[in-house]
Amino acid sequence: MNFHLITENRLLLIVCLPATTYLNAVLMKTLTSVLASFLIFTFTTDLYAQDIQEAYERAESMLTWNLSGKVYQMSVNPNQIDENRFWYLLNTRDGDRYFIADLSTQSREPAFDHSRLATAIESATGASANPENLGLRNLYFSGDLNTIQFERERKVWACSLETYECDVLRSVQTPVSSSVLSPDGRLAAYMNDNNLWVQVIDTDERIQLTDDGAENYGYATDNHGWRRSDRPLLKWSPDSKKISTFRQDEREVGTMTLWRTVEGRPEADIWPYALPGDSIVPMLERVVIDVEEQTAMFLNIEPDHHRSSNCCGLIRDGYWVDNEWSSDSGKLAFVSTSRDYKEVRLRIADPVTGEVNEIYHERDEIFFESNLTSRGIPNWRVLHDSSEFIWFTRKSNWGHLYLHDLETGELINQITDGDWNVVDILHVDEDSREIFFTGVGREEGRDPYYYHLYRINFDGSGLELLTPEDAHHEVTLSRDASWFVDTYSTFTEPQKTVVRDRDGNLIMELEEADVEDLLATGWQKPVPFTVKARDGETDLYGIMILPTNFDENESYPIVNANYPGPQGGSLGARSFSPFQRQQAYALAELGFVVVAIDAFGSSPIRSREFHTYYYGDMADNGLPDQITGMQQLAERYPFIDIDRAGMYGHSGGGFSTAAALLQYPEFFKVGVSSAGNHDNRGYTYYWGEKFQGLLEGDNYENQANHLRAENLEGKLLISYGTMDTNVHPSMTLLLINELIRHNKDFDLIVMPNRGHGYANEPYHIRRTWDHFVRHLAGKTPPDAYQISR
């Protein structure tokens with residue numbers, strides 16, 4: 001009797017029977033037993049194959065692009081018409097719909113008949129118009145609401161909402177691509193051959209403003225090293241007559257090189273990219289350009305470092321950050337930040353003479369932050385009329401506002417105080433001397449990451465909470481802050497949108513998110529939790545995601561979806577969302593408990609001490625907190641198998657994932673590390689010099705993953721994109737080289753011609769799933785499962 005393997009789950013049985021009857025009987029009995037066992041084996045393996053295929057199909061259904069159309073009416077972006085009315089575009093079951101809210105009557109009505117307007121647009125333009133997606137660019141309502149204007153096909157159209165007839169008002173001249181519009185909308189500033197130009201939009205006249213720009217020494221250049229664009233970095237004056245910008249000197253800055261894969265010879269991309277410890281780094285020569293006179297006035301100060309007063313980069317809302325013109329365009333306030341981020345200086349410049357006065361200086365022995373969110377607008381404001389300025393600092397361990405004298409820089413009074421943080425200044429009313437701002441951590445018993453809106457007087461009196469619900473609030477103020485739109489939610493409670501007056505009193509309820517289609521997919525809400533940090537005292541916050549077919553009597557591996565910060569943690573905003581970073585809901589469907597925890601060092605939203613916990617040791621990554629948090633969850637929930645723990649992450653999460661398996665191999669058994677900055681000596685000096693410190697001697701050795709390569713014991717999958725201009729592949733290759741030198745087994749995916757954002761490509765997602773299913777769950781994944789997108 002012989003067995004021959006045909007496929008993984010199929011056997012060919014060949015039987016040769018002896019001649020004697022007795023032996024035949026014995027063999028037949030044995031054969032019957034073997035066949036029975038074989039049939040059970042075949043049935044079981046077929047059933048497993050079906051189960052794992054169905055699990056992958058469920059996982060695919062939970063990918064972001066398959067859930068994105070399952071929630072309606074989540075957000076409202078108000079566009080103010082007058083003091084009591086605004087319009088907004090809402091995603092509804094019937095498509096995108098325009099509404100008008102009238103606060104005086106506490107009403108909300110469709111802005112127009114969408115079908116009639118679509119018919120009118122088709123009749124006037126000769127092109128199709130979809131009433132479910134009208135796409136009205138630059139929409140404007142007349143005061144009586146009887147007429148609208150919008151842009152379509154490079155024309156401005158006016159449509160009567162009484163007769164539903166549309167006519168062309170004028171043609172629209174398109175601004176130059178990658179340009180910055182002036183406040184009056186007449187001019188577009190753009191770069192050409194390292195110089196700054198403006199376009200007169202109506203006539204398409206082109207005016208050259210500078211003529212001495214050169215390669216790597218150009219005006220308004222947007223090259224951060226880790227990111228680049230052709231859009232100029234500048235700040236228009238309110239009267240549209242002047243531009244605040246710089247000439248960026250990076251002529252001797254070291255370069256980075258990447259090779260684009262093509263047929264034949266690869267193509268090189270070479271550009272300036274400063275690294276920690278470089279003796280020559282980009283410097284900014286501040287200049288004010290008079291657009292009418294076409295002259296440039298360089299400010300009378302030494303060149304500034306390529307820095308902003310908070311993370312990350314020089315751009316906020318499309319403009320050069322840390323620049324503030326006076327309302328009459330007569331003065332320019334700006335903040336200069338030192339290379340090591342420890343010192344900031346508030347300065348006032350005369351844009352005509354170029355003279356500069358230093359108003360205030362502050363030093364933080366770790367690093368300064370003017371706003372606690374990544375790419376948040378710095379929280380300083382200069383009040384020229386009252387000769388004061390509002391300043392934000394964490395010198396008390398918490399981020400608060402202070403009022404200073406503009407002439408002397410002296411402190412007048414502290415405005416906010418306590419063990420909580422100001423997040424964003426949203427409105428300063430100089431007449432009533434009030435500030436509207438968002439804050440976190442003030443309301444006892446609430447998630448310290450929830451945003452709330454507050455109002456306070458300049459002198460620190462009269463602090464009032466304006467958003468009372470125990471939830472995360474996203475607010476938009478009217479132009480004079482007499483009312484605001486408030487959308488609030490939690491991880492588990494969908495969005496509700498209301499309108500409140502300036503005192504926080506409810507004016508009207510507006511919208512409520514519709515999640516019926518989302519829940520119909522089987523999607524389940526995450527489970528919020530708190531655990532203690534490594535110190536045994538500090539509360540850490542996180543969420544747990546379970547598979548939709550969860551059975552508490554089963555045992556599940558635990559996977560940490562990680563992003564360590566330090567400019568923001570694993571969880572992101574505390575609002576309701578069908579998504580979570582790194583497709584966590586999808587991974588859970590394959591039989592994993594997926595957790596995300598905001599550890600020490602992950603987020604500035606907590607105290608300065610919390611945020612800077614592992615300054616100078618970036619490889620810490622909050623990993624001791626992740627481990628103890630996962631262990632506490634396993635003690636709390638018996639269905640978690642803590643002996644099967646994994647981690648995955650992208651970018652900073654790729655760095656932390658590799659660090660987890662190399663520093664704690666006894667705990668983390670499996671990991672997927674993509675696009676990791678594994679040694680910050682090879683990453684932008686923007687990052688390392690802020691969170692690790694200036695490179696001096698061997699102080700970067702402790703954060704380099706490749707120096708721990710010999711510790712690898714678990715199953716590590718590494719990936720990188722060959723055209724990643726943010727996190728250069730060299731850092732990953734250093735790690736790979738050391739793993740090879742130490743004869744370590746690992747898996748590798750190279751993504752040709754991909755930049756930094758490849759993690760959501762179907763192939764990479766599938767390989768991530770396969771890696772965890774095979775090595776952490778101990779199962780066989782489907783053969784080359786195809787994810788559709």
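This is a predicted model: local features need pLDDT of at least 70, side-chain atom pairs count only at pLDDT 80 or more; totals for chains, interfaces and linings use all residues.
Me: Which cysteine is joined to Cys159 by a disulfide?
Reply: A disulfide is a covalent bond between the sulfur atoms of two cysteines. Here the S to S distance is 2.0 Å, and the link is right-handed, with 110° about the S-S bond. The partner of Cys159 is Cys166.

Me: Is Cys159 buried or exposed?
Reply: A residue counts as buried when its relative accessible area is under 20%. Cys166, the partner in the disulfide, is at 10% and is buried. Cys159 has 0% relative accessibility, so Cys159 is buried.

Me: What pattern do the disulfides of the protein chain follow?
Reply: Let's start with how many there are: the structure holds two disulfides. One joins Cys159 to Cys166, and Cys311 and Cys312 form a disulfide with their sulfur atoms 1.5 Å apart. Counting the bonded cysteines along the chain, the pattern is 1-2, 3-4.

Me: How many residues apart are Arg339 and Glu689?
Reply: Side chains of opposite charge can pair when their charged atoms come close. Arg339 and Glu689 meet in a salt bridge, at 2.8 Å from N to O. This pair links distant parts of the chain, with Arg339 in the loop between β27 (332-337) and β28 (343-349) and Glu689 in helix α9 (residues 685-691). The two are 350 residues apart.

Me: Is Glu689 buried or exposed?
Reply: The cut-off for buried is under 20% relative accessible area. Arg339, at 16%, is buried. Glu689 has a relative accessible area of 1%, so Glu689 is buried.

Me: Which residue forms a salt bridge with Arg363?
Reply: Good one to look up in the structure! Arg363 is partly exposed, with a relative accessible area of 38%, and belongs to a network of salt bridges that also links residues including Arg286, Asp304 and Glu343. In the pair asked about, the closest N and O atoms are 2.8 Å apart. The partner is exposed, at 53%, and its name is Glu365.

Me: What charge does the surface patch with Asp385 have?
Reply: Asp385 is found in the loop between β30 (381-383) and β31 (388-393). Asp385 counts as exposed because its relative accessibility is 74%. Asp385 gathers on the surface with Asp239, Glu292, Glu293, Asp328, Glu430 and Asp431. Asp and Glu count as negative, so the charge of this patch is negative.

Terms used
Residues are numbered from 1 along each chain as its sequence is written. Side-chain values use heavy atoms; hydrogens and water are left out. Patches are made of residues with over 30% relative accessible area and no salt bridge: like charges are joined within 9 Å, nonpolar side chains (Val, Leu, Ile, Met, Phe, Trp, Tyr) within 5 Å. Accessible areas come from the Shrake-Rupley method with a 1.4 Å probe; for residues, only the protein chains shown count as cover. A salt bridge is a side-chain nitrogen of Lys or Arg within 4 Å of a carboxyl oxygen of Asp or Glu. The place of a charge is taken as NZ of Lys, CZ of Arg, CG of Asp or CD of Glu. Helices (H or I, at least four residues) and strands (E, at least two) are DSSP runs, numbered from the N terminus. Buried means under 20% relative accessible area, exposed over 50%, partly exposed in between (1.4 Å probe, protein chains only). A disulfide is a pair of cysteine sulfur atoms within 2.5 Å.
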